[in-house]
Amino acid sequence: MAWFARLTRFGQAHMCYAQEASDSCGIASSIMVNFKLKAGTAGTGTFAQALFPSMGSMNGKLLGGGNTNATTLAEQQVYKMVSSTYDGTTGTVGAQVAALLNSLNIGVWRYIDPCQSNKIGQIVLDCYRKGWPTIIGNSWYSGPDHTKKAGGGHWVVVDTINKVFGTLYASICDPITGNVHVTEFSPGTDFIYDPSNPIGWEAPIDNYKAYADGYKTKSFSKMDGIVYCTSASAKMIGTGGAFSV
């Protein structure tokens, strides 16, 4: 099972889905968004039961009817919505991710790809205030100055934002590590993501070590793409914490 229950220093719980193919981050991120919005409509009791992989049947009911294996099959099922031959070994672009989300009956989604990095923080914040997660994409760079691209990119999910002493922190669910990376950001400035050291704790029954080497070296990136919701009846449920934004 690729689902992990993660806890952050804000006292919040997050369901993270770890990708199972080399370039399936867009699909894994879509699966997470699908779950987070559908779990919200199911009520807090069901979501609480779904927090731990040992109760995977709850995840299954939310993601694929009553099939208790739906969580383990979810990625393969969603692949077919991209194309009949998609196997996760090639990346997905923003248009594909938006089209996939629009087919899941969880609202109207659009993408801006590429998007100016200094605009992404405000979009993410606006969506969170409406109760919606966002999928943001990055480009990899060779160093912390973000002047020379290293090639490739990645999709991740922001499902919570906290404000502490005037500073905003995005909880980024990363499908490479299956963990939450708490990342400081500020609307109007470039959204920088350094995922090398996740800040999150796993439930005792999770095997975080299996994904801990997702980033084998220190990684530098800047967010430059976003897929976000413009209209939806569903909202994420509150995940705890007392930091309003």
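A nonpolar core is a set of buried Ala, Val, Leu, Ile, Met, Phe, Trp, Tyr and Cys residues joined through side-chain atoms within 4.5 Å. Buried means under 20% relative accessible area, with a 1.4 Å probe and protein chains only.

I note that this is a predicted model, where local features need pLDDT of at least 70, side-chain atom pairs count only at pLDDT 80 or more, and totals for chains, interfaces and linings use all residues. Residues are numbered from 1 along each chain as its sequence is written, and side-chain values use heavy atoms, without hydrogens and water.

**Core.** I looked up the largest nonpolar core and found 55 residues. Leu-101 and Ile-136 have the most contacts inside it. Helix α1 (residues 25-42) gives the most to this core, 9 residues. Helices here are DSSP runs of H or I, at least four residues; strands are runs of E, at least two.

**Leu-101.** I then listed what Leu-101 touches (heavy atoms within 4.5 Å). Beyond four places in sequence, its partners include Ser-30, Val-33, Trp-109 and Val-227.

**Helix α5.** In α5 (residues 94-102), I found Gly-94, Val-97, Ala-98, Leu-100 and Leu-101 buried. They fall within an arc of 160° seen down the axis, taken from directions to the C-beta atoms, so they line one face of the helix.

**Strand β1.** I checked β1 (residues 3-7): 4 of its 5 residues are buried, so the strand is largely enclosed by the rest of the structure. β1 runs antiparallel to β2 (residues 13-17), joined by 5 bridges; pairing needs at least two. Phe-4 has Cys-16 as its bridge partner.

Technical notes:
Buried means under 20% relative accessible area, exposed over 50%, partly exposed in between (1.4 Å probe, protein chains only).
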